[in-house]
Amino acid sequence: MNGDGADADIVISSRIRLARNLREQPFPMLATDSQSEQIIQKIQQAVKDPSFRELGSFELIRMDELSSLQKRVLVEKHLISPNLAGESRKGAAMLSEDESISIMINEEDHMRIQCLFPGLQIKEAWEIANKLDDAFEKHLDFAFDEERGFLTSCPTNVGTGIRASVMMHLPALVMTQQINRILSAITHVGLVVRGLYGEGSEATGNLFQISNQITLGQSENEIITNLYSVARQIIDQERNARRLLLENSRLQLEDRLCRSFGVLTNARVIETGEAAQRLSDVRLGIDLEIIKGIDAGAINELMIMTQPGFLQQFAGQQLTPGSRDERRARLIRERLQQALNS
């Protein structure tokens with residue numbers, strides 16, 4: 001969330017996820033609690049190998065030991081999936097100390113290795129994910145077929161088992177009404193567009209998650225290269241749209257972005273959707289140097305910290321929607337004031 005990484009003004013994060021299953025073990029949806037526990041133990045034992053030390057230390061977190069609120073926070077931080085938080089009977093996750101690596105256990109597959117990096121670092125994320133995959137392969141017998149590749153619970157993941165994605169902030173393309181044309185073109189090159197929390201979620205705050213749709217018949221490098229190439233084209237189009245807005249509608253643009261900043265620094269009540277849109281405006285204002293004195297990292301943090309789970313975690317209790325809206329507005333005011341004073 002600190003805003004580092006290449007092209008971080010547009011690309012919020014890059015993610016690689018690898019789906020893997022153990023040979024001769026039932027998929028999680030069919031496994032007994034005892035079988036699922038064996039999977040956890042095998043993965044936990046593998047991580048103790050010295051080959052994992054260069055990748056950091058890992059902590060095992062069991063889903064059945066967390067409250068629904070704690071699990072929701074992990075979802076909002078993109079460390080686990082909504083599926084692992086909600087449906088997995090014997091699910092767990094292993095998190096690296098800096099949370100750049102998350103290994104989901106007994107979700108849809110036995111193991112999903114995830115590497116999450118700031119900015120456009122999809123190739124760097126793949127390098128780490130590949131090292132993790134190789135390290136696990138020394139200790140675990142993965143379900144693999146010579147013709148089909150890695151076998152997964154969902155047929156759409158069979159093959160490489162890889163999901164490569166970038167989270168992009170595209171407000172200018174939305175404002176200039178070019179976004180639908182671009183997103184439509186993306187689907188014709190084997191990519192899919194989702195919202196902030198992946199499949200089934202809506203795009204809020206002008207944030208779009210773009211990932212590969214095909215895992216079979218292409219190598220990992222081909223998938224990553226294709227996504228990287230498309231991401232670069234979208235970055236160029238977003239920057240061009242921002243330039244056109246400044247040239248043709250600067251006053252109106254400044255008015256909108258500064259109004260949103262004014263609302264966020266003064267509002268006493270604000271709901272999730274409006275906060276996301278206003279934060280998107282302010283983030284654009286910072287990137288275009290219309291709004292000065294605030295680091296973009298502070299806005300990235302607020303995009304996550306203003307989600308319902310985070311707010312309730314801070315409060316230490318479940319909150320009504322009205323109370324969340326009040327706390328959200330207060331949190332935004334305080335954080336923006338801190339950022340201005342720092």
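Angles run from 0 to 180 degrees between N-to-C directions, with axes fitted to C-alpha atoms, for helices over the stretch in contact. Helices (H or I, at least four residues) and strands (E, at least two) are DSSP runs, numbered from the N terminus.

The model is predicted: local features need pLDDT of at least 70, side-chain atom pairs count only at pLDDT 80 or more, and totals for chains, interfaces and linings use all residues. Residues are numbered from 1 along each chain as its sequence is written, and side-chain values use heavy atoms, without hydrogens and water.

Sheet. I traced 8 strands in an open, antiparallel sheet, in the order S2-S3-S4-S5-S1-S8-S10-S9. S2 (58-62) and S9 are the edges with a single partner strand each, so one side of each has no neighbour in the sheet. The twist averages 20° from one strand to the next.

H6. I found Ile179, Ile182, Leu183 and Ile186 buried in H6 (residues 179-187); buried means under 20% relative accessible area, exposed over 50%, partly exposed in between (1.4 Å probe, protein chains only). Seen down the axis, these buried residues fall within an arc of 95° and so line one face of the helix; the arc is that of the directions from the helix axis to the C-beta atoms. Exposed Asn180 and Arg181 sit on the face turned away.

Ser96. I place Ser96 in strand S3 (residues 92-96), and Ser96 is buried at 4% relative accessible area.

Note on methods: Two strands pair if DSSP finds at least two bridges between them.
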